[in-house]
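Work through these exercises with the structure open beside you. Try each task before reading its solution.

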Amino acid sequence: MANLLKKAYDATWGKYVFAGMYDKFLAKVEGYGLSEKRAEFLKPAYGRTIELGTGTGLNLPHYPDTVDELILTEPYPHMVAKLEEKTRDYPKRVQLVVAGAERLPYPDGYFDTVAAAMILCTVPDPQPALREIERVLKPGGQYLFLEHVRNKDPRVARKQDIIQKGWYWFGNECHCNRPTVQTLQNSSLEIADLQETKMPGAWEFIEAMVIGRAVRPATTTTKPLTVSAASNGHTHADSGCDC
Ligand SMILES: C[S@@+](CC[C@H](N)C(=O)[O-])C[C@H]1O[C@@H](n2cnc3c(N)ncnc32)[C@H](O)[C@@H]1O
């Protein structure tokens, strides 16, 4: 029964309608300044770059020219369809890959930059995603993040806990109350920059936001690079790295 309900949810609101409406839902906060925050968090991006949970591609206009190669990943086909529309007129060459953050089809130490906006709130468990980010980064490579997080004000955090159940279903399995900063601090990535800010014009319970940069420690050893990504079209990845 629960399985059936989940299937019905995914076939209607959960993935289909949500993907179709996503840009409209965010239009107000993008206009109030989220768009500038996207540009800010992506400013340090360079080299071979992968974005996780790309959604409909709202970060695309903000990648700097220091990015040589851009791979966009997203697990949900309805989102990928929206993303494909946006990449058609995109001036840089990009590759779309259907994959979740927990299993990226790339070898260890493959990327200079991993970027992700508002995905640690939605992935089923942030820890495997962070381990995978560390794995695919070169030693010294950077993870750029923009996340809405648990509010530091206990009064607002309590509200987040109450609202969470309904928000989860409205927001396509998003968690408004995750302590993402602590999760990052407990991971083996090293936080190099952390800016605590607010999502402009957002409701109080999803307002607390962080922008930052975490680095894979340079001392970690990596395997030699033997696998390269497909160069065109979009690739479906349902398995992990096979290197
Ligand atoms: C709140 S949306 C953010 C979309 C986009 N990054 C943005 O900034 O507008 C959360 C995204 O995470 C994606 N997502 C869900 N589960 C995921 C997973 N396991 N790995 C990577 N992305 C995931 C969703 O499909 C959705 O595109």
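**Exercise 1. Locate Glu173, then decide whether it is buried, partly exposed or exposed.**

Solution. Start with its place: Glu173 sits in the loop between helix H4 (154–170) and H5. Keep in mind that this is a predicted model. Next, count neighbours. Glu173 has 17 C-beta neighbours inside 10 Å. Buried needs 20 or more, and exposed needs 12 or fewer. Glu173 is therefore partly exposed. Last, check the backbone. The phi of Glu173 is positive, about 75 degrees, although the residue is not a glycine. Most residues other than glycine have a negative phi.

**Exercise 2. Describe the fold of the protein chain in outline.**

Solution. Count the elements first. The protein chain has 5 helices and 8 strands. Then read along the sequence: the pattern is α-β-β-α-β-β-α-β-α-α-β-β-β. Now turn to contacts with a separation of 6 or more. Residues 24 or more positions apart account for 69% of them. Finally, look at burial: of the 243 residues, 37% count as buried.

**Exercise 3. How many residues of helix H3 are buried, and what covers them?**

Solution. Find H3 at residues 126–136. Of its 11 residues, 8 are buried, so the helix is mostly covered. The buried ones are Pro126, Ala129, Leu130, Glu132, Ile133, Glu134, Arg135 and Val136. Their cover includes strands E1 (47–52), E4 (111–117) and E5 (137–148). Helix H5 (180–186) is also part of that cover. One of these buried residues, Val136, returns in the largest nonpolar core. That core has 50 residues. Val114, Ile119, Val136 and Tyr143 have the most contacts inside it.

**Exercise 4. Which residues does Ala214 touch beyond four places in sequence?**

Solution. Ala214 lies in strand E7 (residues 208–215). With 23 C-beta neighbours inside 10 Å, Ala214 is buried. It touches Tyr143, Leu184, Leu189, Glu190, Ile191 and Ala192. Take Ile191 as an example. It is 23 residues from Ala214 along the chain, yet their C-alpha atoms are separated by 4.0 Å.

**Exercise 5. Compare this with Tyr22: where does Tyr22 lie, and what does it contact?**

Solution. Tyr22 belongs to helix H1 (residues 2–42). It has 17 other C-beta atoms within 10 Å, so Tyr22 is partly exposed. Beyond four places in sequence, Tyr22 is in contact with Gly55 and Thr56. Thr56 is 34 residues away in sequence and 7.5 Å away in space, C-alpha to C-alpha.

**Exercise 6. Which residues come nearest to the ligand?**

Solution. There are 19 residues around the ligand. Gly53, Gly55, Gly100, Ala101 and Ala117 come nearest. Sort the shell by class: 11 nonpolar, 6 polar and 2 charged residues. Ile119 is in contact with Leu52, Gly53 and Ala101, leaving aside neighbours within four places in sequence.

**Exercise 7. Where does pLDDT stay under 50?**

Solution. Begin with the average: the protein chain has a pLDDT of 88, and 88% of the residues score at least 70. pLDDT stays under 50 over residues 221–233 and over residues 238–243. Where pLDDT is low, the predicted coordinates should not be read in detail.

Terms used:
Residues are numbered from 1 along each chain as its sequence is written. This is a predicted model: local features need pLDDT of at least 70, side-chain atom pairs count only at pLDDT 80 or more; totals for chains, interfaces and linings use all residues. A residue is near a molecule or strand if its C-beta atom, placed from the backbone, lies within 6 Å of it. Ala, Val, Leu, Ile, Met, Phe, Trp, Tyr, Cys and Pro count as nonpolar, Asp, Glu, Lys and Arg as charged, and the others, Gly among them, as polar. Helices (H or I, at least four residues) and strands (E, at least two) are DSSP runs, numbered from the N terminus. Two residues are in contact if their C-beta atoms, placed from the backbone, lie within 7 Å. A nonpolar core is a set of buried Ala, Val, Leu, Ile, Met, Phe, Trp, Tyr and Cys residues joined through C-beta atoms within 7 Å. pLDDT is the predictor's confidence in each residue, from 0 to 100.
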